[in-house]
Amino acid sequence: MTETLMVIPILHYLTFCSVLFGIGVIGVLVKRNALVILMSIELMINSINLLLAAFSTYLNDPAGQIFVFFIMVVAAAEVAVGLAIIVLIFRTTHTIDIDVLNKLKW
Amino acid sequence: MSTIIALAVLGIITLFLGVMKKKSWLLPGILVGLAVALGLTLTGWNTDISFYHRMLVMDNYALAFNAVLIFSTFLIFLFAHHYYQPVERPLEDVYTVTLFALLGAVLMDSYGNLIMLFLGVETLSIALYILAGSHREAISSNEATLKYFLLGSFISGFLLFGIALIYGAAHSFDLQDIAHFVSALNGEWPPIFLAGLFLIIIGLAFKIAIVPFHFWAPDVYEGTPTLLTAFMASVVKTASIAALYRLFSTCLHGAQGIWESSLWILAALTILLGNLTGLYQPSAKRMLAYSSIAQSGYMILAVLAFSSRSANLLLFYTLSYSIATITAFGIVLLVREVRGNDLFTAFNGLGKNNPVEAFCMTVAMLSLTGIPPLAGFVAKFYLFSTAIGAGYLWLVLIAIVGSAVSVGYYFKPVIAMYLREGDGMKLKTPKSYKAFLLFATIVTILLGVLPFMVLKQ
């Protein structure tokens, strides 16, 4: 299993994960819909999970994969809170477009 | 470790008390619990134990900062009874989440492993997203929480990517292993290590609110319920700066060449922009937000001027800053209660009708400015002189100019209270609340007169 993974050089994993991360960042910066932004943030976090798993295989060190589990738990908690916040916003403003949030000076 | 267990158990007990509708037990229980946690923290002094393969390191640095964090939270809970008086429900959820946020803050300054740093940051942040939106009916609170959540989790992604890259370069999450890796490099930095380092700096700079990653702070501070803003400005700031300092002092102080200039620029920008923008703020809460941004610029000086004393100076600085800020917020929330807003005009004539509150506010403002003989002066004096000794003359000059500019906004409420005519309105301050305010003020004065209780000679 490890050998199959090692067929692909680590630099490829690094490039792939950085591109995925970049797509996530662009998604956060460009999109105006709170749900889509949340999805882009999830994409960023999952690209990091992939990178950690790849590093952990190449370094032959399980710590990276353990960290992936921690990140998954934290991301789940974050999404739970985030969706609750978006529901809260929808109840008061009837939209989840972040441009309506201009009561406080940005 | 006993501190962490005590705080977690305290949070759970608080939830159960709320379920059993024992509203009157909640706050006394929390205060006793926090006092116990503070005592447990101090009993570990000089033991220097680490837990779970150096995941958590309870050295004196961690214990001292934990004590500051718990003490700040204790002060905030002293004000909670009056602040939440009009609310009918027991509010055990808000209190519990605050305690869990404190737990995250404690993890953040006792980590020995980057995994624990991330867990601490997230425990703190997720709890804060909830707290920022805890006033569900107010649109400003909703808006603050959504902004904070989206930006906070976005930047957490950067922090995490930085940790992953450093893991790829240094082959470990452990701070000491990374320190060995850094000292073995001899000046040839692998690009992924550099990228990882700068991403981590961005992540932590956002949490501390350093320019140019500060833009969320004034909005979120303004929308959040005032008592919890005090928590953000004191506990969160102390924990994040302590985390940054621990990272740099344990594993990166041998490699100053690569991060020195970027931190230098961040500190200079923070001091200048924080203070100058602070001058144009119409309300006390926004002014305190910019004050907290500017103060974090001075705290970066302690990270830059690394020496055997700088941790102690940072501790003293964060302690004096936290107490003064909590006192100021304690008075802002009284003014908001009566006037409905915290514009500087709302403070007019307070000196005549409410001498005690006006006195406490003045002491807090003077301490934040750095006027002798208050704690803020001693903190700034020693921090600046250490920084000059370490060769940061220009940065210290910028910091002194910044402090001079900050007089312009710190004195606004003071002038309004003593020199402007008011409409004779009195604040509704209970006696116990006055006593708590005076207690915090006396601590500020005592720390200024007898700084060597906390500061090493």
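The model is predicted: local features need pLDDT of at least 70, side-chain atom pairs count only at pLDDT 80 or more, and totals for chains, interfaces and linings use all residues. Residues are numbered from 1 along each chain as its sequence is written, while chains are lettered from A and ligands numbered from 1 in the order in which they are written.

**Chain B overall.** Chain B has 18 helices and two strands. Both are DSSP runs numbered from the N terminus: helices are H or I with at least four residues, strands E with at least two. The radius of gyration is 21 Å, close to the 23 Å of the globule rule for 457 residues, so chain B is as compact as a globular protein of that length. The radius is taken over C-alpha atoms, and the rule is 2.2 Å times the number of residues to the power 0.38. The C-alpha atoms fill a box of roughly 70 × 55 × 40 Å along the principal axes. Of the 457 residues, 59% are buried (20 or more other C-beta atoms within 10 Å of the residue's own, with C-beta atoms placed from the backbone).

**Contact with chain A.** Chain B gives 31 residues and chain A gives 32; two residues are in contact if their C-beta atoms, placed from the backbone, lie within 7 Å. Helix 6 of chain B supplies the largest share of the chain B side, 18 residues. B:L150 is in that helix, helix 6 of chain B. B:L150 counts as buried because it has 23 C-beta neighbours inside 10 Å.

**Helices of chain B.** Helix 3 (residues 60-83) should span 34 Å at 1.5 Å a residue, and its end C-alpha atoms are 34 Å apart, which agrees. The expected span is 1.5 Å times one less than the number of residues. In helix 3 of chain B, 19 of the 24 residues are buried, so this helix is largely enclosed by the rest of the structure.

Helix 13 (residues 310-339) and helix 15 (residues 355-369) of chain B pack at about 145°, with axes 9 Å apart. Axes are lines fitted to C-alpha atoms over the stretch in contact, and angles run from 0 to 180 degrees between N-to-C directions.

The table compares the two contact make-ups, with Ala, Val, Leu, Ile, Met, Phe, Trp, Tyr, Cys and Pro as nonpolar, Asp, Glu, Lys and Arg as charged, and the others, Gly among them, as polar.

| Helix 13 of chain B with helix 15 of chain B | nine residues | three residues | one residue |

Notes. Buried ≥ 20, exposed ≤ 12 C-beta atoms within 10 Å, placed from the backbone.
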